[in-house]
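Biologist: I have a structure open and I'd like to learn how to read it. Could you take me through it?

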Amino acid sequence: MTEIQAFFGFCLLAVKSTLPLWKKHMKKLTVLGGRSPTYEDMKNLKFLAQCIIESLRLYPHPPVLIRRAQVADVLPGNYKVNAGRDITISVYNIHHSSEDQCGDQI
């Protein structure tokens, strides 16, 4: 399974978990008559675009990033990081947090 296939699986799961959204989505896609959408069709399928964007926020790919500090630094929260240290960033947690990275309430 590719990352794209996994992403669209999450996207469909998110939409299908709410029946009214699923019905709205399927009604919009029936205008295609079973054919693959063209570029022009995609510009008009705004609800589909919103579903894709929200799915990317809820289920980011990759969900975890690993970066290596090039210089010593202090991160928000007063975390000291030495040069050469690996830092793990949970994109999933950032997208599900009620606070921004500086600790301010969103």
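This is a predicted model: local features need pLDDT of at least 70, side-chain atom pairs count only at pLDDT 80 or more; totals for chains, interfaces and linings use all residues.

Modeller: Residues are numbered from 1 along each chain as its sequence is written, and side-chain values use heavy atoms, with hydrogens and water left out.

Biologist: What is the mean pLDDT of the protein?

Modeller: pLDDT is the predictor's confidence in each residue, from 0 to 100. Here the mean is 76, and 81% of the residues reach 70 or more. Confidence is lowest in helix α2 (residues 19-29), at a mean of 71, and highest in β3, at 92.

Biologist: How many helices and strands are there?

Modeller: Both are DSSP runs numbered from the N terminus: helices are H or I with at least four residues, strands are E with at least two. This protein has five helices and four strands, in the order α-α-α-α-β-β-β-β-α from the N terminus.

Biologist: Let's take a helix. Which residues of α4 are buried?

Modeller: Buried means under 20% relative accessible area, exposed means over 50%, and partly exposed is in between (1.4 Å probe, protein chains only). An α-helix has 3.6 residues a turn, so residues three or four places apart point the same way. In α4, the buried ones are Phe47, Leu48, Cys51, Ile52, Ser55 and Leu58. Looking down the axis of α4, those buried residues fall within an arc of 140 degrees, so they line one face of the helix; the arc is taken from the directions from the helix axis to the C-beta atoms. Lys46, Gln50 and Ile53 are exposed on the other side of α4.

Biologist: And where does the largest nonpolar core come from?

Modeller: In soluble globular proteins, nonpolar side chains tend to be buried together. A nonpolar core is a set of buried Ala, Val, Leu, Ile, Met, Phe, Trp, Tyr and Cys residues joined through side-chain atoms within 4.5 Å. The largest one here has nine residues: Phe7, Cys11, Val15, Leu32, Leu45, Phe47, Leu48, Cys51 and Ile52. α1 (3-16) and α4 (46-58) each supply at least two of its residues, and α4 gives the most, with four.

Biologist: What is phenylalanine 7 in contact with?

Modeller: Contact means heavy atoms within 4.5 Å. Setting aside neighbours within four places in sequence, phenylalanine 7 contacts Ile52, Ser55, Leu56 and His61.

Biologist: Now the strands. Where is aspartate 73, and what does it touch?

Modeller: Aspartate 73 sits in strand β2 and is partly exposed, with a relative accessible area of 44%. Not counting residues up to four places away in sequence, aspartate 73 touches Tyr79, Lys80 and Val81. Aspartate 73 and alanine 83 are ten residues apart in sequence and 7.7 Å apart in space, C-alpha to C-alpha.

Biologist: What about asparagine 78: buried or exposed?

Modeller: Exposed, at 54% relative accessibility. Asparagine 78 lies in the loop between β2 (73-75) and β3 (79-81), and has a positive phi of about 65 degrees although it is not a glycine.

Biologist: Which loop holds asparagine 82?

Modeller: Asparagine 82 is in the loop between β3 and β4 (86-90). Leaving aside neighbours within four places in sequence, asparagine 82 contacts Ala69 and Ala72.
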